[in-house]
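Let's take a walk through this model together.

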Amino acid sequence: MDSIIKILKAIRKINPNSEMNIVGEDIDTCEITWLDGTSEISKADIKTQIPIVEQEIADEAQAKIDN
């Protein structure tokens with residue numbers, strides 16, 4: 001799975017209505033521009049959500065295999 005997708009999904013877990021532009025694919029080096037009045041989310045908070053997103057992605061893939 002593309003790293004940018006993981007970052008996006010992590011952000012959306014924190015704020016489902018967030019609007020942003022992400023340039024780059026590594027959370028440590030990417031530039032995030034918050035749009036339309038979206039409050040900034042710290043990279044530390046986003047990093048906290050990434051393992052959760054990765055587990056959800058793995059669970060979804062396993063569920064497809066199991067079905």
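This is a predicted model: local features need pLDDT of at least 70, side-chain atom pairs count only at pLDDT 80 or more; totals for chains, interfaces and linings use all residues.

Leaving aside residues up to four places away in sequence, Ile7 touches Ile22, Glu25, Asp26, Ile27, Cys30, Ile46 and Ile50.

As background, nonpolar side chains in soluble globular proteins tend to be buried together.

Now turn to the two helices, α1 and α2. Their axes come within 8 Å and cross at roughly 110°. That angle lies in the 65 to 115 degree range, so α1 counts as roughly perpendicular to α2. On the α1 side, the residues that meet α2 are Lys6, Ile7, Lys9, Ala10, Ile11, Lys13 and Ile14. Their partners in α2 are Asp45, Ile46, Gln49, Ile50, Ile52, Val53, Glu54, Glu56 and Ile57. Sorted by class, this contact has 9 nonpolar, 1 polar and 6 charged residues.

Finally, follow the chain to the loop between β2 and α2, where you will find Asp36. What is the phi of Asp36? It is positive, at about 50°, although Asp36 is not a glycine. For context, most residues other than glycine have a negative phi. And is Asp36 buried or exposed? Its relative accessibility is 73%, so Asp36 counts as exposed, the cut-off being over 50%.

Definitions and conventions: Residues are numbered from 1 along each chain as its sequence is written. Side-chain values use heavy atoms; hydrogens and water are left out. Contact means heavy atoms within 4.5 Å. Axes are lines fitted to C-alpha atoms, for helices over the stretch in contact, and angles run from 0 to 180 degrees between N-to-C directions. Helices (H or I, at least four residues) and strands (E, at least two) are DSSP runs, numbered from the N terminus. Angles under 35 degrees count as roughly parallel, over 145 as roughly antiparallel, 65 to 115 as roughly perpendicular and the rest as oblique. Ala, Val, Leu, Ile, Met, Phe, Trp, Tyr, Cys and Pro count as nonpolar, Asp, Glu, Lys and Arg as charged, and the others, Gly among them, as polar. Buried means under 20% relative accessible area, exposed over 50%, partly exposed in between (1.4 Å probe, protein chains only).
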